[in-house]
Amino acid sequence: MAAHLDDPRSIARNEERVLAFVRLSREARFEIAPDQAFNLPACNYTARIEFALIATDHVTRFTNSLPSSTPVFWVTLIRDTYTVPYDEAAAFNLFKLQQWVRAELLSCSFIGMVEAALYTNADEVRPGWKRVISWHPHLLVWGVTKQRMQEICDSINVRFRTMIPGVNPAHFRPLQPEEVEGQALYMLKAPVNEYRIITKMRKAKDPDTDKTVREPTGAFRSRKYQLGPGDLTRMANLLAGKSLDGLAFAAGDGKKLLAGINFEARAAERALAARARGARTQSPLRRH
C-alpha cells in the first residue's frame, strides 16, 4: 500500500526534473491522475488499490466456500517467448499469452493477472538487449489435485524455457487458506520493482598462480530492487492504454468469480460517472 501511494509522487518528481531522461507519454500522464481511476487504467495506482480490495474480497469469500479438501495453488508461468525488449513490449499481444495459459491449464479453474516485470540488464544473457519486459501471469488455481498440478508444471518445464538459463518456466505451491488473500494482493499489484540478472560465481584455483579466484558457474539468478522514478515512468508509459479488467483473466469456475469482480468495479465506475465532478471526495471504485 505504501509503495503504491508513493508511486504517483515519484513519477511527478521525475517529471519535474529539468534533465529527466524519461518523460510520461501524453496518454500515461492522463491515466495516472487519481480522478481517472474509474476507468480502471492499469497505470493508475488508485485504481490498483481499489480493484485489489474488491478482488481480494471476492476471491477470499469464494475460496473459503470451497470444500476443505479442495487445494488452492499459487502458480507462476514465465516463458521466454513472452519476454521482449522494452520498446516492443507495449504492443505485445497479451491475449496470446492468456490463451497459452488457458491451453496449458485446460483441466483447471483459475483466476489470474498478467504482470510486466522489468529486467534492466538482460544483456547478461541476451547480447544486444538491455531493458526487457517479461510479461507473465500469476494465478490462483483450483479444481485439480496436487499430483495433476505437478504433472502440468513438469510438462511445461520440459517443453518451454525462460530468458534466464536454469530457471524453470512453471512454479507452483499449495496455499493455506490464510495465505490466499496475501497472494491475491501480490497478483494484483502494480510493478514496483526492477529485476537484475546476477551471474552465480564459484571459487576456483588459478592453475598458473595457484591463487583462489572467482569464476562464473554458468548459472544465474535474479534480484529485485525498488523501481526508481525513471523506471516508474517507463512502466507507466508501458501500461498506458491497458485496463485492469483486461489484464485479469480466468477459466473454469474462475470465470464467474472474475465476472463478479469486474461487475462490481464497473458498477462503481458508473456510479462515479453519475456524480458531479466536484463532489468526488470518496474512493473512486469502492461503493459506500
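Let's start at the largest pocket, which has 20 lining residues, with Thr 76, Ile 78, Tyr 119, Tyr 195 and Ser 222 lying nearest its centre. The space in this pocket comes to about 490 Å³. What counts as a pocket here? On a 1 Å grid over the protein atoms alone, a pocket is an open set of points with protein on both sides within 12 Å along at least five of seven lines, a cavity is a set where a 1.4 Å probe fits but cannot get out, and lining residues have an atom within 4 Å of a point. Grid points are joined across faces, edges and corners, and a volume is the space filled by probe spheres set on the points.

Before going on, keep in mind that this is a predicted model: local features need pLDDT of at least 70, side-chain atom pairs count only at pLDDT 80 or more, and totals for chains, interfaces and linings use all residues. Residues are numbered from 1 along each chain as its sequence is written, and side-chain values use heavy atoms, with hydrogens and water left out.

Back to that pocket. Strands β1, β3 (109–119), β4 (132–142) and β7 (212–226) each give at least two residues to the lining of the largest pocket. Helices (H or I, at least four residues) and strands (E, at least two) are DSSP runs, numbered from the N terminus. Sorted by class, the lining of the largest pocket has nine nonpolar, eight polar and three charged residues. For this sorting, Ala, Val, Leu, Ile, Met, Phe, Trp, Tyr, Cys and Pro count as nonpolar, Asp, Glu, Lys and Arg as charged, and the others, Gly among them, as polar.

Now hop over to the second largest pocket, with about 230 Å³ of space. It has 13 lining residues, and Ser 68, Thr 70, Val 72, Leu 175 and Pro 177 lie nearest its centre. Two or more residues of this lining come from each of α3 and β5 (170–175). How many charged residues does the lining of the second largest pocket have? There are none, next to eight nonpolar and five polar ones.

Next, look at the rings. A pair of aromatic rings is described by the distance of the centres and the angle of the planes. Rings of Phe, Tyr and Trp (its six-membered ring) pair if their centres lie within 6.5 Å; planes under 30 degrees apart count as stacked, over 60 as edge-to-face and the rest as tilted. The structure has eight such pairs. Trp 74 is buried, at 9% relative accessible area, whereas Tyr 186 is partly exposed at 30%. (Buried means under 20% relative accessible area, exposed over 50%, and partly exposed in between, with a 1.4 Å probe and protein chains only.) Tyr 186 also has Lys 189 over its face, 4.6 Å from the ring centre. A charge sits over a ring if NZ of Lys or CZ of Arg is within 6 Å of the ring centre and within 35 degrees of the ring normal. Elsewhere, ring pairs join Tyr 82, Phe 92, Trp 100 and Phe 160 into a cluster.

Finally, the charges. The whole structure has 14 salt bridges, each a side-chain nitrogen of Lys or Arg within 4 Å of a carboxyl oxygen of Asp or Glu. Glu 104 and Arg 159 form one of them, at 2.5 Å from N to O. Because Glu 104 lies in helix α5 (residues 94–104) and Arg 159 in helix α6 (residues 146–159), the pair ties together parts that are 55 residues apart in sequence. Glu 104 is buried at 16%, while Arg 159 is partly exposed at 45%. Salt bridges also link Asp 6, Arg 9 and Arg 13 in a network.
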